[in-house]
Amino acid sequence: MTIRVLIADDQMMVREGFSVLLNAMPDIEVVGEAVNGREAVAKVRELAPDVVLMDIRMPELNGIEATREIVAADGAAKVLVLTTFDLDEYVYQALRAGASGFLLKDASARQLADGVRVVASGEALLAPSVTRRLITEFSRLSETPRLMSSAHGAYGDLTDRETEVLVLIAQGLSNSEIAKRLVVAESTIKTHVSRILVKLGLRDRTQAAVFAYEARLVTPG
């Protein structure tokens, strides 16, 4: 299946450059562009993309608020945040708003395409070592309400094994790596991950990682 992508960025050169790179891929199609967050939200409703490449600093409606609206309105579209710096406080806020990961704007064509494919497939934690470092840096600084609110429940609802899997997700391990660490089948880990997301009321692996840090299951360091 072709992955449908919407590019939201207020810089024309970025939009055009990413469009050329992605449209050159046989399994990816850029179906639209947006110059600000408000237009991005509208075009997600109109075009139903699989992945939204979302810049954070845009006029009218920034990428964080646009991400929050897109996630709330359409569970199908995955948001991949574009940023210039890997340690960007706004990226952390976007992840908490529901973005499935982030990508540096200087990424190569292969990294860009692979990032889109990863997010589209549901493997939400992109570049885990960098994402983990970003979460660690800003989990203590966020002034917005934590994911660990009464609406999401306590992690005490998880079994011991599910808690163990959650910690390993936050440490940046993939399903296959977790399976090897725990000496179980990868399908078993996929089941654990699904149950963790349901029990905690979370959207994907990225929010699960954020939850683990904010619940102090994993300590910054």
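What share of the contacts in the chain with a separation of 6 or more is accounted for by residues 24 or more positions apart? In this predicted model, such residues account for 70% of those contacts, a contact being heavy atoms within 4.5 Å. Local features were considered at a pLDDT of at least 70 and side-chain atom pairs at pLDDT 80 or more, whereas totals for chains, interfaces and linings use all residues. Residues are numbered from 1 along each chain as its sequence is written, and side-chain values use heavy atoms, with hydrogens and water left out.

The chain has 10 helices and five strands; these are DSSP runs (helices H or I, at least four residues; strands E, at least two), numbered from the N terminus. Of its 221 residues, 50% count as buried, where buried denotes under 20% relative accessible area, exposed over 50%, and partly exposed in between (1.4 Å probe, protein chains only). The chain exposes about 10200 Å², of which carbon and sulfur atoms supply 52%; accessible areas come from the Shrake-Rupley method with a 1.4 Å probe, and for residues only the protein chains shown count as cover.

Two helix pairs were examined. The axes of helix H2 (residues 37–47) and helix H3 (residues 63–73) come within 9 Å and cross at roughly 15°. Axes are lines fitted to C-alpha atoms, for helices over the stretch in contact, and angles run from 0 to 180 degrees between N-to-C directions. H2 is therefore roughly parallel to H3, given that angles under 35 degrees count as roughly parallel, over 145 as roughly antiparallel, 65 to 115 as roughly perpendicular and the rest as oblique. The crossing of H2 past H3 is right-handed; a crossing is right-handed if the near helix is turned clockwise from the far one by less than a right angle, and left-handed if anticlockwise. On the H2 side, the contact is made by Gly-37, Arg-38, Ala-40, Val-41 and Val-44, and on the H3 side by Ala-66, Glu-69 and Ile-70. By class, the residues of this contact divide into five nonpolar, one polar and two charged. In this scheme Ala, Val, Leu, Ile, Met, Phe, Trp, Tyr, Cys and Pro count as nonpolar, Asp, Glu, Lys and Arg as charged, and the others, Gly among them, as polar.

The second pair consists of helix H8 (residues 175–182) and helix H9 (residues 186–200), which pack at an angle of about 110° with axes 8 Å apart. This angle makes H8 roughly perpendicular to H9. The crossing of H8 and H9 is right-handed. Asn-175, Ser-176, Ile-178, Ala-179 and Leu-182 of H8 meet Glu-186, Ile-189, Lys-190 and Val-193 of H9. The contact of H8 with H9 comprises five nonpolar, two polar and two charged residues.

Helix H10 (residues 205–214) has 10 of its 10 residues buried, so it is largely enclosed by the rest of the structure. The buried residues of H10 include the charged positions Arg-205 and Glu-214, and among the others are Phe-211, Ala-212 and Tyr-213. H10 is followed by Arg-216, whose phi is positive, near 65°. Ile-169 is found in helix H7 (residues 160–170) and is buried, with a relative accessible area of 0%.

Further buried residues were identified in other helices. Tyr-92 lies in helix H4 (residues 89–97) and is buried, with a relative accessible area of 1%. Its C-alpha atom is separated by 10.0 Å from that of Val-81, 11 residues apart along the chain. Ser-19, in helix H1 (residues 12–23), counts as buried at 8% relative accessibility. Residues up to four places away in sequence not being counted, Ser-19 touches Ile-7, Val-30 and Glu-33.

Positive phi values also occur in loops. Ala-48, in the loop between H2 and strand S3 (51–55), has a phi near 50°, a positive value in a residue other than glycine. Ala-48 is partly exposed, with a relative accessible area of 45%. Glu-60 lies in the loop between S3 and H3, and its phi is near 70°, again a positive value in a residue other than glycine. At 69% relative accessibility, Glu-60 counts as exposed.
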